[in-house]
Amino acid sequence: MAVHRRPIGQYLFPIGSLGLAALVHFGAASMEPSLLSIKILALIVVAIFIFATVFVVLHHAEAVAWRLGEPYGTLLLTFSVTAIEASVIVSMMLHGENNPTLARESVFSTVMIVCTGVVGVCLTLGGLKHRYQDIKRQGTSASLAVIMALTVLTLILPNYTLATSPGAFSASQLAFVSVLSILLYGAFVFAQMVRHRGDFIEDLTSSAEHEEHVSEGGKVTTNVLLLFIGLAGIVLLTEQVAGSIEDGLAFLHVTQADAIVGFFVAALVLMPEAVSAVRAALNNELQRGLNVALGSACATIGLTIPAIGAASLLTGRSLTLGLGPGDTVLLILALAISIVSFGTGRTTMLTGLVHLVVFVAYLFLIFVP
């Protein structure tokens, strides 16, 4: 088995992202207002660097996934991306003035991007290339059931509780829902990894292809190390860019600033999983693509909500989780069409287009509420 030398970019971007994050942090703090043009240029460079690092991180995650096998590789990527989002949201919550709705918008954006955008692209492109694609209904239905329970408990239920103002949980309610979220997601991971592992797996890769991917990756310990270094760099750089966008929207008096920032954070940190899911769909491995996409939605709610809940309880900062009427309708619609789309066990291009229509409506209503 031939061993391929690792391209320099696979080292450069993960390690360089940490150094660039430190440089931007200290440089932005000491930069004078008159140098605003230089600051804007620096943010553009940072954004480009983030995108490049995301794809390098995706490569390392997939290399590790080939060694661990499914669904362990998918879970590693999911945990990694969820750690990014939770870290960014918590750090932005604790930065500056209290922003009680940012966490809600980020979590809601993640669910909508996954269930309508990523799933829609996967089904549409997969249907165009392969005409029909089969999935395992047991595993997909289990993922949707977890997503439905978590979204209703965390994003809709707060509007109907009586202990505090509409849209917010009391301290005891927030702690209770956070524990339920962790337990439910833990049960989902146990089912996916141990109890019902076969419901989430499709083995379409030949042993020769597996050996090729293993030989291309180098040592797994190096992949894991570079993966986490790259993720740390993405977290710090994303926080810098998102904070600048938030300040710019506030300066322009944009009414939907939280929704725009939440969408930006969710879209950026979901990019590795989105690319991985689309690749799987194009390779006629739709079940693996859905495991990545729907698993990220489960992890985002099941792990991010407890993280931001703990931050809220420890710091005393208020947290608003309940969605508005329009967002609630979109969320229910996205979940409903997901149930119908995957109910037959076979998907087509038309199925994907329905998801994409809802995604486009979600995007439009962010800017024109």
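The model is predicted: local features need pLDDT of at least 70, side-chain atom pairs count only at pLDDT 80 or more, and totals for chains, interfaces and linings use all residues. Residues are numbered from 1 along each chain as its sequence is written, and side-chain values use heavy atoms, leaving out hydrogens and water.

**A helix pair**

Two packed helices are described by the angle between their axes and the distance between the axes. Take helix α5 (residues 137-156) and helix α12 (residues 325-342): their axes come within 10 Å and cross at roughly 170 degrees. The two helices are therefore roughly antiparallel (angles over 145 degrees count as such). Helices here are DSSP runs of H or I with at least four residues, and strands are E runs of at least two. Axes are lines fitted to C-alpha atoms, for helices over the stretch in contact, with angles from 0 to 180 degrees between N-to-C directions.

Contact means heavy atoms within 4.5 Å. From α5, the residues in contact include Leu144, Ile147 and Met148; from α12, they include Leu331, Leu335 and Phe342. The contact residues divide into ten nonpolar, four polar and one charged. Nonpolar covers Ala, Val, Leu, Ile, Met, Phe, Trp, Tyr, Cys and Pro; charged covers Asp, Glu, Lys and Arg; the others, Gly among them, are polar.

**The core**

The largest nonpolar core has 89 residues. Such a core is a set of buried Ala, Val, Leu, Ile, Met, Phe, Trp, Tyr and Cys residues joined through side-chain atoms within 4.5 Å. Buried means under 20% relative accessible area, exposed means over 50%, and partly exposed lies in between (1.4 Å probe, protein chains only). Ile308, Leu331 and Phe342 have the most contacts inside the core. Helix α4 gives the largest share, 13 residues. Leu331 touches Phe108, Val111 and Met112, among others, not counting residues up to four places away in sequence.

**A buried serine**

Ser178 is found in helix α6 (residues 171-195). Its relative accessibility is 8%, so Ser178 counts as buried. The Ser178 side chain reaches the backbone oxygen of Leu174 at 2.7 Å. Leaving aside neighbours within four places in sequence, Ser178 is in contact with Ile305, Pro306 and Gly309.

Arg131 counts as exposed at 60% relative accessibility. Asn284 is partly exposed at 33%.

How values were computed: Angles under 35 degrees count as roughly parallel, over 145 as roughly antiparallel, 65 to 115 as roughly perpendicular and the rest as oblique. A polar contact is a pair of N or O atoms within 3.5 Å; within protein, one must be able to donate a hydrogen and the other to accept it, and residues adjacent in sequence count only if both atoms are side-chain atoms.
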